[in-house]
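Reader: Could we go through this structure together? I would like to begin with the pockets and then move on to other features.

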Amino acid sequence: MNKMAKGAIATAVGVILLAGGGGTLATWNQAQNSSMGSVVSGDLNLVPVSAGAWTDKAGKAITNIAAYKVVPGETLTYTQQLDVTLSGDLMAATLKVTGETVNNGFAANAVVSTTALKNATDGAVLPTTTLRAADTGKVTATTTFAFKETTANRESVNANYNFGAIGYELKQLAPAGSNGL
Amino acid sequence: MYWATNQYTTTPLPTEAAMKSTRALKATGLVLVAVVLGLLTVQGSYALWNKFAGANAGTVQAADFRISLTDTKTGDYTDMTLANGTAATFALSTTPTGAVVPGHSTYAGVQLGNVTNAGGDFTVRATTAVPVIDNNAVSALAPYMQVKVVAATALSQCSQAALYESASSNGTATVDIAKTATGVFCFQITLAATMPVNLSGQTAAIAVPITVNQL
């Protein structure tokens, strides 16, 4: 055989071998889905239900605290509802009042309560209370301001007590065994 | 004695200086690492979810406590408490004007206004103290003068003699004044008909202290 013929035969054998090699694809094989599903994150949110409201001692609403002037003997109450959202199997959080620093122009003539937080069932929510997903719901914050009757002469006229720094912080607690990442 | 003025100066060899420099750099590096780790550790606690909501409670403001005094006749006006915090002294004019004839009376009045800017109820009670007749040492008019004070609803009532019939001489009066309302004190000053003639032409000042309290 001439060289051309030998080359053609060799090429044909190679093609046949390649085709034979392709046969390995025909061997058994199987693919499986992992069924890992999706990882879904929880939620943590704190939103005022509406603007807070001031009321006087008789429970009458004060529509604009900026225009209202108190006199000795009055007690005003500030109430604000907050919507707390907590979801997640290991969700844990605390809710506390922040910014209760004294900004008091009334000196000793006014008494301001520590802001109290209560849940929907009127249970106290303390800064140390651990809230879980089941605690999702409304929390009511209440602060009272009392202008003491014992204020003498013209003490504290035109005084101011600024509540502007007060806020509420809902903060997640690290799950047990947290990896610290 | 602990303090001394003697000083000895040594110059370290170059190799000693280099070693000290290296140690110092190492120490600085350790401190930096410690600080960074410390900061990261603290910051890490803030990496968890948290949400803040402001209270928006605003500012509570105290009202002013202002009582105005207005003269019956002239309409002159002052605050009971002056800007410097002291009590005002307010001179009242009398009706009729001029000298008082023995056996006759003259009248004066002052209107008190509760001009507070209080947001809620704010009623005050004004009370007069016993009138003080302060004539000078030369004259002796006081025993012959009678001052009656009564509360009224309008300044126009002050010159009506009938208003004072039930009032006691040198007595006191009280009036309650609601927020933004006014009250009136009327004064009747009578010179006794028995006043000696030699006291004619004398003058006497009558002071009526007024105290206002919040109810």
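Author: The answers below concern a predicted model.

Reader: What is the volume of the second largest pocket?

Author: The volume of the second largest pocket is about 390 Å³. Its lining consists of 20 residues, and those closest to the centre are Asp56(A), Tyr68(A), Glu74(A), Gly120(B) and Asp121(B).

Reader: And how many nonpolar, polar and charged residues does that lining have?

Author: Seven residues of the lining are nonpolar, seven are polar and six are charged.

Reader: Let us turn to the aromatic rings. How many aromatic pairs does the structure hold over all chains?

Author: The count is nine aromatic pairs over all chains. One of them is formed by Trp54(A) and Tyr78(A), with 5.1 Å from centre to centre and 50 degrees between the planes, and this pair is tilted.

Reader: Which parts of chain A does that pair tie together?

Author: Trp54(A) belongs to strand S2 (residues 53–55) of chain A and Tyr78(A) to strand S5 (residues 75–87) of chain A, so the pair ties together parts that are 24 residues apart in sequence.

Reader: Are Trp54(A) and Tyr78(A) buried or exposed?

Author: Both Trp54(A) and Tyr78(A) are buried.

Reader: Why is the pair of Tyr161(A) and Phe163(A) described as tilted?

Author: The ring centres of Tyr161(A) and Phe163(A) are 4.6 Å apart and their planes stand at 35 degrees, so the pair is tilted. An angle under 30 degrees would count as stacked, and one over 60 as edge-to-face.

Reader: How accessible are those two residues, and what counts as buried here?

Author: Tyr161(A) has 10% relative accessibility and counts as buried, because the cut-off for buried is under 20%. Phe163(A) is also buried, with a relative accessible area of 1%.

Reader: Which residues do the ring pairs link into a cluster?

Author: The cluster linked by ring pairs holds Trp54(A), Tyr78(A), Phe106(A), Phe145(A), Phe147(A), Tyr161(A) and Phe163(A).

Reader: Staying in chain A for a moment, where is Thr98(A)?

Author: Thr98(A) is in strand S6 (residues 93–98) of chain A. At 18% relative accessibility, Thr98(A) counts as buried.

Reader: With which residues is Thr98(A) in contact, leaving aside its neighbours within four places in sequence?

Author: Leaving those neighbours aside, Thr98(A) is in contact with Ala165(A), Ile166(A), Gly167(A), Tyr168(A), Glu169(A) and Phe52(B).

Reader: On to chain B. How many helices and strands are there?

Author: Chain B has one helix and 12 strands. Along the sequence, its pattern is α-β-β-β-β-β-β-β-β-β-β-β-β.

Reader: What share of chain B counts as buried?

Author: Of its 215 residues, 30% count as buried. Of the contacts in chain B between residues at least 6 apart in sequence, 71% join residues at least 24 apart.

Reader: Now the disulfides: how many are there over all chains, and which residues are joined?

Author: There is one disulfide over all chains. Cys158(B) is joined to Cys186(B), with 2.0 Å from S to S. The angle about the S-S bond is -70 degrees, and the link of Cys158(B) and Cys186(B) is left-handed.

Reader: Where do the two cysteines lie in chain B?

Author: Cys158(B) lies in the loop between strand S8 (145–152) and strand S9 (174–177) of chain B, while Cys186(B) lies in strand S10 (residues 182–191) of chain B. The pair links distant parts of the chain, 28 residues apart.

Reader: Are they buried or exposed?

Author: Cys158(B) is buried, with a relative accessible area of 2%, and Cys186(B) is buried, with a relative accessible area of 0%.

Technical notes. Residues numbered from 1 in each chain as written. Chains lettered and ligands numbered in written order. Predicted model: local features only at pLDDT ≥ 70, side-chain atom pairs only at ≥ 80, totals over all residues. Heavy atoms only, no water. 1 Å grid on protein atoms, 1.4 Å probe; cavity = no way out; pocket = protein on both sides within 12 Å on 5 of 7 lines; lining within 4 Å. Points joined across faces, edges and corners; volume = space filled by probe spheres on them. Nonpolar A, V, L, I, M, F, W, Y, C, P; charged D, E, K, R; others polar. Phe/Tyr/Trp six-rings, centres within 6.5 Å; stacked < 30°, edge-to-face > 60°. Helix = DSSP H or I, 4+ residues; strand = E, 2+ residues; numbered from the N terminus. Buried < 20%, exposed > 50% of the residue type's maximum accessible area, 1.4 Å probe, protein only. Disulfide = S-S within 2.5 Å. Contact = heavy atoms within 4.5 Å.
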